[in-house]
Amino acid sequence: MTDLKKMTVSSEASLRRVMEVIDSGARQIALVTDDSGVLVATVTDGDVRRGLLKGLGMDTPVSEVMHRNPTTLLKGASAASAQRLMRERGLGHIPVVDPEGKLIALALRDGLTGVEPRSTRVVLMAGGLGMRLRPLTETVPKPMIPVGDKPLLERIVTRFQDQGFSRFTLSLNYLGHVIRDHFGDGSALGVEIDYVDETKRMGTGGALSLMPARPEEPFVVMNGDILTTTSFGAMMDFHGETCSAVTICAREFNMQVPYGVLNTEGTTLVSMEEKPVHKHLVNAGIYALSPFVFDHIRDGEPLDMPDLIDRVKDAGHKVSVFPVREYWMDIGRIEDLDRARAEYDTVFV
C-alpha cells in the first residue's frame, strides 16, 4: 500500500475516528502506531463492532479494543512467504515492519487490488406483498420499485456484487414473474441467479425449505426491501470467527420519551429525567446462517425467521449479533421510499 497515513491512528484515537479510517481505507483494518511510527497494534472492523456490542461509546479510545500482538512481516520477507503466512492464518493482510518495528507497508493476500470473490450464496426474500406501499405495489412487486433509475432489488444485487458476491437465490411469490423476467439467470449483471417459488406464504425460514439443495457453506439471507452500505464480507467473517449457527444483523434504534420521566419508590421521587432517550438493538433483516440450520426446518412448513432462530438456539447452538453501523433503510412505507430516493446519490454514489 502506497499511502499508509490514511490507515494509521494513534492509540488515543476514538472509535468514531477509527471507524472513519477503516471505512475510507476499504481494507477493514486500521493500523495503530506511536509517535515514532512503530506499529503498536491493529484494529479491524470486527474489533470495533464487538466493542460497540459490549456497550463502549463512540468516544472510547481505540486502546480498549485494539489487537496488541498482530502478526507482522519483517522487511525483506519474500512475497511467497508472505502469501503462505496469510493463507495459513486466514488473513487478508499483514503489516510489514523494519527491524525497529516501524510500519513501512501492508502486504495484501494474492496482491489484491480489488474485491476478493466470494463463493457465499445470497438468498434474497423478494415475495412480499408490499401492502404499506400501495398503490405503487398493485402492479409492481415491492422489490422492483425504482430507486433512482433501477429497481430496488437490482440495487441490492449490485451492492453485493461490488463486495465480491455473485451467487444469488431469489425467493418469489407476489408478481414473481416480473422479477424473473427482469433478472433472468443474472448473466446480464455478471452474476448467477436461481429462484424458488412460494405457492403460499412460507415465511423466511419456510422459504429456505424450498431450496433444491442446502448450501455447503455459511450463507446470507436478507429481506429484499433493505438498502444498506453494510459490509457483508465483514459480517460473514464475524460469523465464522464466532463459530455461530446464526448471526443476526442489528441496528441501533433510539426512541425518545416526549415527557419528563419520574423514577419513584412508592410515592417518593427518586430521580427525574427530562425526555430520556431509550436505545435498543433491532433486527435489521440480514442474517448469516450455517448450513446445519436446515436440520431445524421441515419441508413445506411455514416458518418465520424468529421461530427458526429460537429452534436453533433452543438446540444449544450459538446465535450472535452483528451491529450495523453503516447506512440502513428498511423500505416498508412511502416515506421510507421517498427518503431512500432522496439519499441514494449522496450515500451510494
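Reply: Happy to. Let me begin with a term: two strands pair if DSSP finds at least two bridges between them. Please keep in mind that this is a predicted model.

Five bridges join S14 to strand S18 (residues 319-323), and the two run parallel. Within that pairing, Thr247 has Ser320 in S18 as its bridge partner. S14 is also joined to strand S17 (residues 277-289), here by 10 bridges and in an antiparallel arrangement. In S17, the residue opposite Ala250 is Asn283.

Now to the salt bridges, of which the whole structure holds 17. One of them brings together the side chains of Glu241 and Arg50, at 3.3 Å from N to O. Glu241 belongs to helix H7 (residues 232-241) and Arg50 to helix H2 (residues 45-53), so this contact ties together parts that lie 191 residues apart in sequence.

A second bridge pairs the side chains of Lys142 and Asp225, at 2.8 Å from N to O. This pair also links distant parts of the chain, 83 residues apart: Lys142 sits in the loop between strand S7 (118-125) and strand S8 (146-147), and Asp225 in the loop between strand S12 (219-223) and strand S13 (226-228). Both Lys142 and Asp225 are buried, which means that each has under 20% relative accessible area.

Arg333 and Glu335 make another salt bridge, with their closest N and O atoms 3.4 Å apart. Arg333 counts as partly exposed at 37% relative accessibility, and Glu335 is partly exposed too, with a relative accessible area of 46%.

Asp304, Asp307, Asp310 and Asp314 gather on the surface in a patch of negative charge. Patch members have no salt bridge and over 30% relative accessible area. Asp310, for one, is found in helix H8 (residues 305-314), and its relative accessibility of 42% is why Asp310 counts as partly exposed.

Terms used
Residues are numbered from 1 along each chain as its sequence is written. This is a predicted model: local features need pLDDT of at least 70, side-chain atom pairs count only at pLDDT 80 or more; totals for chains, interfaces and linings use all residues. Side-chain values use heavy atoms; hydrogens and water are left out. Patches are made of residues with over 30% relative accessible area and no salt bridge: like charges are joined within 9 Å, nonpolar side chains (Val, Leu, Ile, Met, Phe, Trp, Tyr) within 5 Å. Accessible areas come from the Shrake-Rupley method with a 1.4 Å probe; for residues, only the protein chains shown count as cover. A salt bridge is a side-chain nitrogen of Lys or Arg within 4 Å of a carboxyl oxygen of Asp or Glu. Lys and Arg count as positive and Asp and Glu as negative; His and the chain ends are not counted. The place of a charge is taken as NZ of Lys, CZ of Arg, CG of Asp or CD of Glu. Helices (H or I, at least four residues) and strands (E, at least two) are DSSP runs, numbered from the N terminus. Buried means under 20% relative accessible area, exposed over 50%, partly exposed in between (1.4 Å probe, protein chains only).
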